[in-house]
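Let's walk through this model together, one piece at a time. Keep the structure open beside you as you read.

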Amino acid sequence: MQLTFIELIALGLAIFRLTHLIVFDKITEFLRAPFFDEYVEVEENGEEAIYLSPKKSGLKGFIGELLSCYWCTGIWVSGFLYGGYFFLPLYFVPLITLLAVAGIAALLEARVQSWKTD
């Protein structure tokens, strides 16, 4: 199945947004928590910094490593969304559209924020 240019852009934006949601966004922190160990380090200025490290072994370690890598997670998200688009378009086209619009909004917001700090 050949994607049109618009479909490819929409899918790319949806993959970007879902990957970012899984790897970085605070709202999905509870999903990532079981796969990471948290440790606190006192910095030179006396403030505490919290660091996350993937679990050391087993399935939780593997998933933690995957979730700590934006590029790795992006590959799996790509397969999920493209596969869904191809095999279950009735369900995935609305999801991809929603994520693509959210991706555009995220990029625009990032640009607006960078203008504010310039």
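At what angle do helix 1 and helix 4 pack, and how far apart are their axes? Before the answer, a word on the model: it is predicted, so local features need pLDDT of at least 70 and side-chain atom pairs count only at pLDDT 80 or more, while totals for chains, interfaces and linings use all residues. Residues are numbered from 1 along each chain as its sequence is written, and side-chain values use heavy atoms, with hydrogens and water left out.

Helix 1 (residues 5–23) and helix 4 (residues 70–87) pack at about 130°, with axes 9 Å apart. Axes here are lines fitted to C-alpha atoms, for helices over the stretch in contact, and angles run from 0 to 180 degrees between N-to-C directions. Helices (H or I, at least four residues) and strands (E, at least two) are DSSP runs, numbered from the N terminus. The two helices are therefore oblique to each other; angles under 35 degrees count as roughly parallel, over 145 as roughly antiparallel, 65 to 115 as roughly perpendicular and the rest as oblique.

Now turn to helix 5. Helix 1 packs against helix 5 (residues 89–117) at about 75°, with the axes 7 Å apart. That makes helix 1 roughly perpendicular to helix 5. Arg17 in helix 1 is one of the residues in this contact. Is Arg17 buried or exposed? At 17% relative accessibility, Arg17 counts as buried, where buried means under 20% relative accessible area, exposed over 50%, and partly exposed in between (1.4 Å probe, protein chains only). Leaving aside residues up to four places away in sequence, Arg17 touches Asp25, Leu99, Ala102, Gly103 and Ala106.

Helix 3 (residues 58–67) has buried residues too: Gly61, Gly64, Leu66 and Leu67. Their cover includes helix 1, helix 2, strand 1, strand 2 and helix 4.

Finally, look at the rings. The structure holds 6 aromatic pairs; rings of Phe, Tyr and Trp (its six-membered ring) pair if their centres lie within 6.5 Å, with planes under 30 degrees apart counted as stacked, over 60 as edge-to-face and the rest as tilted. Phe24 and Tyr70 are stacked, 5.6 Å centre to centre with 25° between the planes. Phe24 lies in the loop between helix 1 and helix 2 and Tyr70 in helix 4, so this pair ties together parts 46 residues apart in sequence. Phe24 itself is partly exposed, at 48% relative accessible area.

Technical notes
Contact means heavy atoms within 4.5 Å.
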